[in-house]
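Open the structure in your viewer and keep the sequence beside it. This tour tells you what to select next and what to look for.

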Amino acid sequence: MAVRATQEDVLEAISNRDYAAAQAELKEWNEADIAALLEDMSKVDSLKVFRLLPKDMAADVFSFLPIQKQQEMIASLTDEETDQIIENMYADDAADLLEEMPSNVVKRILSAASPQTRDSINQLLRYPKDSAGAIMTVEYVTLRETYTVVQALEKIRRSENKNEDVNDYYVLNSTRELMGSVTLQEMVFHELDSELKEIMEDNPISVYADDNQESVAQAFQKYNVNVMPVVDSESRMVGIITADDIMDVIEEEATEDMTKMAAVTPDTKPYSQTTVLDEIKRRIPWLLLLMLSATFTGAIITAFENKLAASLVLAAFMPMLMDTGGNAGGQASTMVIRALSLNEIQFRDFFRVVWKEFRVALCCGIILAIVNFAKMMLIDRTTVMVGFVVCLTMIVTVICAKLIGSILPILARRVGLDPAVMANPVITTIVDAVSLFVYFEFATWMLNL
């Protein structure tokens with residue numbers, strides 16, 4: 001309620017041209033809340049509010065805005081205002097902004113930036129988009145191993161860089177090789193004349209600049225750190241990655257996996273900002289592929305249509321078998337894909353996973369078959385032999401589905417594909433064909449069709 005009231009106060013002050021009051025209100029706000037306000041405002045009003053913000057605060061607010069709003073505002077700001085934003089943004093945020101901007105806007109922004117800022121941004125833009133180098137920041141304090149504590153603290157205090165809010169500092173030798181790390185707390189509680197090489201932690205965890213951002217996120221989770229140094233192939237430090245950068249990566253990777261598991265082509269735009277045409281382009285390729293792949297299911301039904309006509313009761317249970325198989329395969333694939341994304345299992349665990357899923361599938365299949373047999377006898381009033389055909393098919397279908405659902409994601413990872421591609425829609429299509437083939441083979445054998 002308090003935030004909503006404050007928004008109303010700001011909007012009222014702006015409508016009354018009381019810009020001093022609006023500015024005073026905004027200074028008490030969190031930058032993310034201001035960005036949310038600007039996102040909901042018209043172009044004219046959002047520019048009025050944005051121009052009331054102090055320079056350093058404006059840059060932070062700008063970094064929270066969605067790319068479409070950033071592009072809209074950049075087009076309306078003067079070169080001087082644009083330069084102030086870029087100069088006060090972290091270099092990694094500025095590089096992310098430029099990656100999404102049209103080339104003419106990029107040239108305009110870089111031409112207005114200072115040489116130092118331009119060099120920092122260009123350094124980041126040289127790395128592949130999904131690499132550690134692309135998400136790191138090059139604005140950080142480094143210390144020499146020969147520094148005393150008092151020298152290190154003085155350098156930190158006098159640093160002109162817009163440093164990320166970190167507690168860990170990294171110690172380099174004369175060739176900028178990463179030698180160790182030291183926390184602010186450790187420096188405060190040691191003697192001022194102690195040298196950093198005496199108190200630093202040797203061999204800190206680091207990542208290479210060309211490492212994939214997903215593996216970097218996994219390293220953050222594995223080692224439970226808030227900041228991680230980035231080094232080049234010669235172990236020279238080139239930047240740092242902080243927890244806020246990794247949170248963005250984790251959200252992006254999770255969104256990408258979810259869209260792939262739903263058979264939708266990933267997109268960087270939020271759903272609320274995509275057009276109907278965008279969504280059609282994302283969804284129709286997979287729908288076409290899955291529709292055509294379902295031809296195999298139709299071919300199986302056609303091949304057994306004479307036998308199906310001889311016992312029409314079999315058709316009544318086809319949807320149940322196909323749905324059960326699809327659900328069982330989806331369960332297995334979801335669990336395995338999640339375990340793969342968290343590095344809980346590797347290809348070397350292939351047979352362990354298969355053996356585990358086989359036992360789970362066998363138990364689930366038997367339980368489902370028993371319950372289904374009772375239902376068929378008491379409610380459907382089918383013959384015992386038809387009940388045996390359906391229930392045996394269910395056991396085999398569940399086993400096949402869970403094995404397929406667990407094997408395909410592991411094999412996909414092995415050949416370099418994203419395991420999320422082998423998710424429910426793909427597995428369901430395969431399992432449907434398998435379940436029908438098994439069903440008709442059992443029916444042919446047991447009912448003498």
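The stops below go from the whole chain to single residues.

**Stop 1: the whole chain**

Start with everything shown as a cartoon. Keep in mind that this is a predicted model. The protein chain has 23 helices and seven strands. The protein chain exposes about 24,000 Å². Carbon and sulfur atoms supply 56% of that area. What share of the 449 residues counts as buried? The figure is 43%.

**Stop 2: two crossing helices**

Select residues 55–64, helix α5, and residues 79–88, helix α7. Their axes are 8 Å apart, and the helices pack at an angle of about 80°. Angles of 65 to 115 degrees count as roughly perpendicular, so α5 and α7 fall into that class. Show the side chains where they meet. From α5, pick Lys55, Asp56, Ala59 and Phe62. Their partners in α7 are Gln84, Ile85 and Asn88. By class, this contact of α5 with α7 has three nonpolar, two polar and two charged residues.

**Stop 3**

Most residues other than glycine have a negative phi.

Select Arg176. Where is Arg176 found? Look in the loop between β2 (168–172) and β3 (178–183). Arg176 is not a glycine, yet its phi is positive, about 70°. Its relative accessibility is 36%, so Arg176 counts as partly exposed.

Move on to Ser235. This residue sits in the loop between β6 (227–231) and β7 (237–242). Ser235 is not a glycine either, and its phi is positive at about 65°. With 32% relative accessibility, Ser235 counts as partly exposed.

**Stop 3: helix α21**

Color them and look at what lies over them. Then step past the end of the helix. Arg381 follows α21, and its phi is positive, near 60°.

**Stop 4: a residue inside α22**

Select residues 384–414, helix α22, and zoom in on Thr393 within it. Is Thr393 buried or exposed? Thr393 is buried, because its relative accessibility is 0%. Buried means under 20%. Now show what Thr393 touches. Leaving out residues up to four places away in sequence, the list is Leu321, Ser435, Val438, Tyr439 and Phe442.

**Stop 5: the cysteines**

Finish with sulfur. A disulfide is a covalent bond between the sulfur atoms of two cysteines. How many disulfides does a search of the whole structure find? It finds zero.

Select Cys364 to see one case. The closest cysteine sulfur belongs to Cys363 and is 7.0 Å away, which is too far for a bond. The cut-off for a disulfide is 2.5 Å. Cys364 has 29% relative accessibility, so this cysteine counts as partly exposed.

Last, select Cys400. Its relative accessibility is 24%, so Cys400 also counts as partly exposed.

Notes. Residues numbered from 1 in each chain as written. Heavy atoms only, no water. Buried < 20%, exposed > 50% of the residue type's maximum accessible area, 1.4 Å probe, protein only. Helix = DSSP H or I, 4+ residues; strand = E, 2+ residues; numbered from the N terminus. Areas by Shrake-Rupley, 256 points an atom, 1.4 Å probe, with all protein chains shown as cover. Axes fitted to C-alpha atoms, helices over the stretch in contact; angles between N-to-C directions. Parallel < 35°, antiparallel > 145°, perpendicular 65-115°, else oblique. Contact = heavy atoms within 4.5 Å. Nonpolar A, V, L, I, M, F, W, Y, C, P; charged D, E, K, R; others polar.
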